[in-house]
Amino acid sequence: MQNVTLYEDDIHKFIFLAWEEKEEEGIVQTNQYLIIDRDEAMLLDPGGAHVFPRVLANVSEIVEPSKIKYIFFTHQDPDVTSGITLWLSIAENAKIYISALWTRFLPHFGIYDQRRVVAIPDKGEKLRFSSGTEVEFVPTHYLHSTGNFTLYDPRAKILFSGDLGVAVFPKGRRYLFVENFNEHVKLMEGFHKRYITSSVALRKWLSIVEKKDIKFVAPQHGAIFKEENVKRLFEWFKTLKCGLEIIDEIYGW
């Protein structure tokens, strides 16, 4: 599979980084994305040490890894962050953007230089590239992490949604874009019911992102939503019962 450019203009690109050719048993499937703005690059949820060689090869096809200036982590999970020391050794000028709740946990991954870490406040903030292009860190707390952010790129009109919109593919059935939404929901339901804390938190996030012009929703696992399926996804979220709403089912007592 090749890298896929989801958006491109004269200075700005938003790229899906290709999956490994062979699906592996027992490994959580993850998606990685790269934003390029002139001579600066931003890596989104680059993943664990296991996928580092593949993601580095994908990035190197597009840009010199030394051009990576920003690495964004939606939250603290190892499938997001455990390759962090490898990336910082390659992208020597890069800074990490992560929720302020998780900066004290990064030393457990071997990151001791806090000068390379930017703590995102709970309310979110914007990051401005040298060209003036901005991206937004959108509060996404408790969906599923207590300190969690998604990223909106207004220029590309793409929402990197982290663990919202995630699907778990059966072996041999992965695909890049959602075509049949009703069938795709069957691959999303189990994850969202168990990993998303509550519909209250979900509706709060929706109240922010539904005001934005979004052409693609790009999650960290599963397939990408585009155009009409973005609206279908948001409508499905409004009816979802999850986490605290089904707590008796989860506990089984």
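In β7, Y97 finds its bridge partner in V118. This contact belongs to the parallel pairing of strand β6 (residues 95-99) with β7, which extends over four bridges; strands are taken to pair if DSSP finds at least two bridges between them. The model is a predicted one, in which local features need pLDDT of at least 70 and side-chain atom pairs count only at pLDDT 80 or more, while totals for chains, interfaces and linings use all residues. Residues are numbered from 1 along each chain as its sequence is written, and side-chain values use heavy atoms, with hydrogens and water left out.

Both strands belong to an open sheet of seven strands with mixed pairing, in the order β1-β2-β3-β4-β5-β6-β7. Strands (E, at least two residues) and helices (H or I, at least four) are DSSP runs numbered from the N terminus. At the edges stand β1 (4-8) and β7 (117-120), each with a single partner strand, so one side of each has no neighbour in the sheet. On average, neighbouring strands of this sheet are turned by 20 degrees against each other, direction ignored. Helix α1 (residues 52-60) lies across β2 (12-17), β3 (32-37), β4 (40-44) and β5 (68-72), and runs at about 145 degrees to β2. Here contact means heavy atoms within 4.5 Å, and axes are lines fitted to C-alpha atoms, for helices over the stretch in contact, with angles from 0 to 180 degrees between N-to-C directions.

What does a search of the whole structure find in the way of aromatic pairs? It finds 19, where rings of Phe, Tyr and Trp (its six-membered ring) pair if their centres lie within 6.5 Å, and planes under 30 degrees apart count as stacked, over 60 as edge-to-face and the rest as tilted. The rings of W19 and F169 have centres 6.2 Å apart and planes at 80 degrees, so this pair is edge-to-face. W19 lies in the loop between β2 and β3, and F169 in the loop between β11 (158-162) and α4 (181-195), so the pair ties together parts 150 residues apart in sequence.
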